[in-house]
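Please read the sequence and the model shown here side by side.

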Amino acid sequence: MERANRDGLDAGRLVCHLASMPPPTIAKLKSMGVRRFSVTCSKFDCRHSANVDFAQAGLPDNLYFPDIAMVRRVTCAKCGGRDVGLMPDWTTHRAADN
Ligand SMILES: [Zn+2]
């Protein structure tokens, strides 16, 4: 009478969930444990990358993360290029589903 039927794999759930979310605000990212974001230069021969603390950048908490580039002139600290990519730094992210 033993049932060893395990077909409930949840591994892909979090990824799907994140993909369907609206852009996170700074406050939302902070609540998830994210303290900073990375600025990566898009210039092929530069690729300089730097981390910026949210506190340091003085960004409003209700700002959507993708809108940072609209309210702040973010430039590469090395070459001064304005074609930079912004990414939340997930290394400090607290895993909520653990
Ligand atoms: Zn650069």
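**Layout of the chain**

Read along the sequence, the protein chain has the pattern α-α-β-β-α-α-β. That comes to four helices and three strands, where helices (H or I, at least four residues) and strands (E, at least two) are DSSP runs numbered from the N terminus. The model is predicted: local features need pLDDT of at least 70 and side-chain atom pairs count only at pLDDT 80 or more, while totals for chains, interfaces and linings use all residues. Residues are numbered from 1 along each chain as its sequence is written.

Of the 98 residues in the protein chain, 9% are buried. A residue is buried if 20 or more other C-beta atoms lie within 10 Å of its own, exposed if 12 or fewer, and partly exposed in between, with C-beta atoms placed from the backbone. Among contacts between residues at least 6 apart in sequence, 69% join residues at least 24 apart; a contact means that the C-beta atoms, placed from the backbone, lie within 7 Å.

**The sheet**

Strands of a sheet pair through backbone hydrogen bonds, either parallel or antiparallel. Here the three strands form an open sheet in the order 2-1-3, with antiparallel pairing; two strands pair if DSSP finds at least two bridges between them. Strand 2 (49-53) and strand 3 (84-88) are the edge strands, each pairing on one side only. From one strand to the next the twist averages 25°, taken between N-to-C directions on a scale from 0 to 180 degrees, with axes as lines fitted to C-alpha atoms.

Strand 1 (residues 36-41) pairs with strand 2 in the antiparallel sense over five bridges. Along this pairing, Phe 37 stands opposite Val 52, and Val 39 stands opposite Ala 50. Strand 1 and strand 3 also run antiparallel and are joined by five bridges; in this pair Thr 40 stands opposite Gly 85.

In a regular strand the side chains alternate between the two faces of the sheet. In strand 1, Phe 37, Val 39 and Cys 41 form the covered face, whereas Arg 36, Ser 38 and Thr 40 form the uncovered one.

**A loop residue**

Most residues other than glycine have a negative phi. Which residue has a positive phi although it is not a glycine? Arg 47 does, at about 55°. Arg 47 lies in the loop between strand 1 and strand 2. Arg 47 counts as exposed because 12 other C-beta atoms lie within 10 Å.

Note on methods:
Two residues are in contact if their C-beta atoms, placed from the backbone, lie within 7 Å.
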